[in-house]
Amino acid sequence: MLDIGCGEGHFLRRAQSSFVSFGLDLSSYGIEQARLTAQDSSFVVADARFLPFRKESVSIITLFDVIEHLDSPGAFLR
């Protein structure tokens, strides 16, 4: 499971008990905090437009409070 825009990792803290979980955020500070919050998840600082994962390598993607910040949300979702 990949949580795009994971922020400080609060959702991942709950999800990591049920899924192999990854968090991605543009903020290195957010990722530092997420590592403390969701210690059993893996994290990467990256731009959501350029995901550093192989195509179809993730079964579930969440993006809470992310789409409204994108210039082209339709293009991103495609």
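Start with the lining of the second largest pocket: its residues split into seven nonpolar, no polar and two charged. In that scheme Ala, Val, Leu, Ile, Met, Phe, Trp, Tyr, Cys and Pro count as nonpolar, Asp, Glu, Lys and Arg as charged, and the others, Gly among them, as polar. To see the lining, select Ile-4, Ala-48, Arg-49, Leu-51, Ile-61, Leu-63, Phe-76, Leu-77 and Arg-78. The pocket holds about 200 Å³ of space. A pocket here is an open set of points on a 1 Å grid over the protein atoms alone, where a 1.4 Å probe fits, with protein on both sides within 12 Å along at least five of seven lines; lining residues have an atom within 4 Å of a point. Volume is the space filled by probe spheres set on the points, which are joined across faces, edges and corners.

A word on what you have loaded: it's a predicted model, where local features need pLDDT of at least 70 and side-chain atom pairs count only at pLDDT 80 or more, while totals for chains, interfaces and linings use all residues. Residues are numbered from 1 along each chain as its sequence is written, and side-chain values use heavy atoms, with hydrogens and water left out.

Next, the largest pocket, at about 320 Å³. Of its 17 lining residues, pick Leu-26, Asp-47, Ala-48, Val-66 and Leu-70, the closest to its centre. By class, this lining has nine nonpolar, three polar and five charged residues. Now colour β2 (22-25) and α3 (73-77), which each give the lining at least two residues. These elements are DSSP runs numbered from the N terminus: helices are H or I with at least four residues, strands E with at least two.

Zoom in on Asp-3, which sits opposite Gly-23 in β2. On the other pairing, β2 and β3 (residues 42-45) are parallel over four bridges, with Asp-25 partnered by Val-45 in β3.

Last stop: α2 (residues 28-37), which makes a right-handed β-α-β unit with β2 and β3. Right-handed means that, with the strands pointing away from you, the path from the first strand over the helix to the second runs clockwise. Which residues of α2 are buried? Gly-30, Ile-31 and Ala-34, buried being under 20% relative accessible area and exposed over 50% (1.4 Å probe, protein chains only). Look down the axis of α2: its buried residues fall within an arc of 95°, so they line one face of the helix. That arc is taken from the directions from the helix axis to the C-beta atoms.

Notes:
Pairing = 2+ DSSP bridges.
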